[in-house]
Amino acid sequence: MVIFRKGESQPGQSDVVGLILQAFLNWKEARLTWSFFKQSFLKQILTEGEARCVGMLGKGSERYVMTFLNVINFGDQGVYDTVNNLGSLVARFIFLPIEESFYVFFAQVLERGKNVKDQKQDDVAMAANVLEQLLKLVLLIGLTIAVFGYAFSQLALDIYGGSMLSSGTGPDLLRCYSLYVLFLAINGVTECFTFASMCKEEVDRYNFVMLALSSTFLCISYFLTRWHGSVGFILANCFNMGIRIAHSVHYIYGYFKESSYRPLTGLLPSPFLVLAYIISGGITVYS
């Protein structure tokens with residue numbers, strides 16, 4: 001039982017609640033969590049928006065502006081959904097676990113919001129080395145899928161769904177999706193490092209970038225779809241991922257600018273590797 005002396009005012013109910021919240025809630029982490037929640041919401045719009053646009057075209061839904069614009073027919077919608085689900089298997093089973101695992105790694109090794117010079121140099125060196133090797137790995141996987149996916153898209157769809165998928169727009173969609181997988185691979189790693197090291201203010205600024213990007217994405221999706229059918233949705237996604245990669249690369253470059261580490265060199269394949277992919281792609285396409 002708490003006894004108050006004469007002349008002391010008893011704390012009100014709101015003051016008691018405030019004291020309890022201060023004791024059990026870290027407000028700095030709570031604000032950072034709220035920033036990531038807003039970011040996740042915007043990323044959901046960007047990553048799922050094209051699927052919703054395709055799925056709702058012509059069905060009278062009010063969720064998207066493109067609902068009222070009949071840009072592709074129902075047959076192309078079905079082919080697009082099939083190719084999209086098939087192509088996204090690589091991202092779900094390979095790139096997503098990599099992104100989630102190494103986000104935790106970078107968040108534990110680096111101190112969020114701190115300059116490189118203010119952190120333990122051993123941890124910075126380890127994070128830079130891991131990031132460089134990780135970029136090399138996903139670049140290698142993405143290039144392999146892009147090169148051989150272009151050549152064997154028709155065969156893969158013929159095995160998966162027969163002539164109904166392999167004789168129409170399906171092969172072109174899967175070829176473009178193979179290129180999109182390369183963008184997904186690079187974006188997943190660069191963003192996992194960026195989000196693991198950003199402070200709250202930087203996350204909030206990035207949320208505004210994502211908001212502007214979502215509007216741009218919907219506009220580009222519409223025009224590219226009018227120009228090139230359902231392939232336009234995948235091209236719009238490539239543009240979207242390209243902008244996000246550019247933002248993350250800019251952040252990583254600035255993050256390590258004052259140090260001797262250059263992890264972004266992992267995005268520069270050797271000339272012999274590029275030559276090998278060119279020769280392999282040419283042989284598989286014309287064989």
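Asn129 counts as partly exposed, at 44% relative accessibility, where buried means under 20% relative accessible area, exposed over 50% and partly exposed in between (1.4 Å probe, protein chains only). This residue, Asn129, lies in helix α4, and its C-alpha atom is separated by 9.5 Å from that of Gly266, 137 residues apart along the chain. The model is a predicted one, so local features need pLDDT of at least 70 and side-chain atom pairs count only at pLDDT 80 or more, while totals for chains, interfaces and linings use all residues. Residues are numbered from 1 along each chain as its sequence is written, and side-chain values use heavy atoms, with hydrogens and water left out.

**The chain as a whole**

- The protein chain has 9 helices and 0 strands; helices (H or I, at least four residues) and strands (E, at least two) are DSSP runs, numbered from the N terminus.
- Along the sequence, the pattern of the protein chain reads α-α-α-α-α-α-α-α-α.
- Of the 287 residues in the protein chain, 39% are buried.
- Take the contacts in the protein chain between residues at least 6 apart in sequence: 74% of them join residues at least 24 apart, with contact meaning heavy atoms within 4.5 Å.

- Two packed helices are described by the angle between their axes and the distance between the axes.
- Here the axes are lines fitted to C-alpha atoms, for helices over the stretch in contact, and angles run from 0 to 180 degrees between N-to-C directions.
- Helix α4 (residues 121-161) packs with helix α9 (residues 271-286) at an angle of about 20°, and their axes are 8 Å apart.
- That angle makes α4 roughly parallel to α9; the cut-offs are under 35 degrees for roughly parallel, over 145 for roughly antiparallel, 65 to 115 for roughly perpendicular, and oblique for the rest.
- The crossing of α4 and α9 is right-handed; a crossing is right-handed if the near helix is turned clockwise from the far one by less than a right angle, and left-handed if anticlockwise.
- On the α4 side, the residues that meet α9 include Leu140, Leu143, Val147, Phe148 and Phe152, while the α9 side includes Leu273, Tyr277, Gly281 and Val285.
- By class, the contact of α4 with α9 has 10 nonpolar, 4 polar and no charged residues; Ala, Val, Leu, Ile, Met, Phe, Trp, Tyr, Cys and Pro count as nonpolar, Asp, Glu, Lys and Arg as charged, and the others, Gly among them, as polar.
- Ile278 has its place in helix α9 and is exposed, with a relative accessible area of 55%.
- From C-alpha to C-alpha, Ile278 and Val147 are 8.1 Å apart in space, and they are 131 residues apart in sequence.
- The axes of α4 and α6 cross at roughly 170° and come within 7 Å.
- That makes α4 roughly antiparallel to α6.
- The contact of α4 with α6 divides into 20 nonpolar, 7 polar and 1 charged residues.

**Helices α7 and α8**

- Helix α7 (residues 200-228) and α8 have axes that come within 8 Å and cross at roughly 155°.
- The two helices, α7 and α8, are therefore roughly antiparallel to each other.
- Their crossing, α7 with α8, is right-handed.
- Among the contact residues are Tyr206, Met210, Leu213 and Phe217 of α7 and Phe233, Leu235, Phe239 and Ile243 of α8.
- The contact of α7 with α8 has, by class, 14 nonpolar, 8 polar and 2 charged residues.
- Have a look at His250 too, which is in helix α8 (residues 231-255) and is exposed, with a relative accessible area of 59%.
- The C-alpha atoms of His250 and Leu264 are separated by 10.0 Å, with the two residues 14 apart along the chain.

**Aromatic pairs**

- A search of the whole structure finds 10 aromatic pairs; rings of Phe, Tyr and Trp (its six-membered ring) pair if their centres lie within 6.5 Å, and planes under 30 degrees apart count as stacked, over 60 as edge-to-face and the rest as tilted.
- Phe106 and Phe193 form an edge-to-face pair, 5.1 Å centre to centre with 85° between the planes.
- This pair links distant parts of the chain, with Phe106 in helix α3 (residues 74-109) and Phe193 in helix α6 (residues 170-197), 87 residues apart.
- Phe106 and Phe193 are both buried.
- Ring pairs link Phe102, Phe105, Phe106, Phe193, Tyr251, Tyr255 and Phe256 into a cluster.
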